[in-house]
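Open your viewer and get ready to select residues by number. This tour tells you where to click next and what to look for.

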Amino acid sequence: MRAARLIRMVLLLQSRPSMTAAELARELEVSERTVARDVLSLSEAGVPVYADRGRAGGYRLIGGYRTRLTGLGRSEVEALFLSGVPAALRDMGLADAASAARLKVSAALLPELRDAADGAAQRFHLDAPAWYREPATPELLPTVADAVWDNRRVAARYRRKDAEVERELEPYGLVLKAGVWYLAARSGTDVRVYRIDRFTSVTLLDDRFTRDPDFDLPAFWAERAAQFARSILRDEVTVRLTPTGARQLRHVTDRAGADEALAAAGEPDEQGRITVTLPVESLDVAFSQLLGLGPEGEVLAPAALRERFAAAAARTYGLYRES
């Protein structure tokens with residue numbers, strides 16, 4: 001909207017000594033011609049914008065002009081507290097609100113403090129997605145985010161295995177974990193976790209719900225994450241580790257499972273090796289993970305997995321012997 005753009009322009013000029021037309025165009029995502037027209041409109045409205053001519057010229061406010069349009073709206077305040085996660089703001093459709101909030105805060109600061117935000121941004125950055133994965137923004141995320149902010153009940157369809165289920169949910173909170181968005185929502189009497197990318201439809205209902213004042217999203221997520229990590233470790237393998245293998249175990253398998261196994265290990269043998277019982281997701285996963293230990297780990301049980309490692313070692317030996 002043009003009115004919002006004009007306000008942003010004033011706030012930008014108020015927070016900096018001067019800005020070129022190109023800089024304003026880049027910040028406002030418009031052409032330099034549009035910037036010139038907007039400057040003219042501001043001047044006609046009584047905002048003292050002055051144009052410095054020449055190669056080093058630009059636009060600036062004169063006469064100590066200060067706008068009173070620095071009051072933060074609700075969405076801007078909410079976005080400001082999330083401004084350390086720019087990708088998350090963009091995914092939820094709050095990037096513009098966060099930008100406006102930062103400008104208003106900057107405009108309200110003393111001149112000597114206005115570089116604080118840029119200084120922090122150049123020193124700390126949160127990159128939420130996992131490595132080697134192109135994050136995909138779920139199409140329905142902005143709708144779900146609106147429901148979370150507004151305490152609105154939703155009617156949702158959700159893919160579960162090979163079927164779709166319908167639920168009425170009370171959306172409590174969003175979590176971004178390794179580039180994947182999750183929703184914590186009450187269904188019936190329980191708060192459950194849903195992957196946003198598995199929703200096929202989400203409809204905002206007219207009625208709002210009353211949040212449980214005792215619900216703590218970080219604590220809830222930490223508990224559920226720990227439960228999930230434990231639940232997927234359904235098998236066990238017995239491994240004899242060299243001292244080097246014991247140090248490496250946490251880096252090739254589930255860290256909590258490795259710590260548990262190492263803590264329960266007995267005394268080292270005469271060669272300094274320890275034998276551990278390691279919880280694993282499956283024997284296939286254990287095979288791919290424990291290969292990373294090389295000769296620093298020897299699988300003792302189950303027998304089928306040990307035979308699989310022996311066959312892999314024989315094939316590897318054959319490859320290197322032939323060369």
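**Stop 1: Confidence**

Start by colouring the chain by pLDDT. This is a predicted model. Its mean pLDDT is 82, and 77% of the residues reach 70 or more. Now select residues 116-121. This is helix α7, which has the lowest mean pLDDT among the elements, at 52. Strand β10 has the highest, at 95.

**Stop 2: Helix α3 and V35**

Select residues 32-44 to show helix α3, then pick out V35 within this helix. Is V35 buried or exposed? V35 is buried, because its relative accessible area is 0%, and the cut-off for buried is under 20%. Show the neighbours next. Leaving aside residues up to four places away in sequence, V35 touches M9, A21, L24, A25, V30 and Y59. Take M9 from that list. M9 and V35 are 26 residues apart in sequence, yet their C-alpha atoms are 8.8 Å apart in space.

**Stop 3**

Select D38 and R5, and show their side chains. They meet in a salt bridge, at 2.7 Å from N to O. D38 sits in helix α3 and R5 in helix α1 (residues 2-15), so the pair ties together parts that are 33 residues apart in sequence. Both D38 and R5 are buried. In total, the structure holds 18 salt bridges.

**Stop 4: R153 and its partners**

Move to R153. Which side chains does R153 meet in salt bridges? One is E168, at 2.7 Å from N to O. This pair links strand β4 (residues 163-177), which holds E168, to strand β3 (residues 152-160), which holds R153; the two residues are 15 apart. The other is D207, at 3.2 Å from N to O. Here the link runs from D207 in strand β7 (residues 199-208) to R153 in β3, over 54 residues of sequence.

- R153 counts as buried, because its relative accessibility is 17%.
- E168 counts as partly exposed, because its relative accessibility is 46%.
- D207 counts as partly exposed, because its relative accessibility is 38%.

Together with R153, E168 and D207, they are linked in a network of salt bridges.

**Stop 5: A three-stranded sheet**

Now select residues 235-241, which form strand β8. Strand β8 belongs to an open sheet of three strands, in the order β9-β8-β10, with antiparallel pairing. The edge strands are β9 (274-280) and β10 (297-301), and each pairs on one side only. Neighbouring strands are turned by 35° against each other on average, ignoring direction.

How many bridges join β8 to β9? Seven bridges do, and these two strands run antiparallel.

**Stop 6**

Show A286, F287 and L290, which are buried. They cover an arc of only 100° around the axis, which puts them on the same side of α12.

Methods. Residues are numbered from 1 along each chain as its sequence is written. This is a predicted model: local features need pLDDT of at least 70, side-chain atom pairs count only at pLDDT 80 or more; totals for chains, interfaces and linings use all residues. Side-chain values use heavy atoms; hydrogens and water are left out. Two strands pair if DSSP finds at least two bridges between them. Helices (H or I, at least four residues) and strands (E, at least two) are DSSP runs, numbered from the N terminus. Axes are lines fitted to C-alpha atoms, for helices over the stretch in contact, and angles run from 0 to 180 degrees between N-to-C directions. Buried means under 20% relative accessible area, exposed over 50%, partly exposed in between (1.4 Å probe, protein chains only). The arc is that of the directions from the helix axis to the C-beta atoms. Contact means heavy atoms within 4.5 Å. pLDDT is the predictor's confidence in each residue, from 0 to 100. A salt bridge is a side-chain nitrogen of Lys or Arg within 4 Å of a carboxyl oxygen of Asp or Glu.
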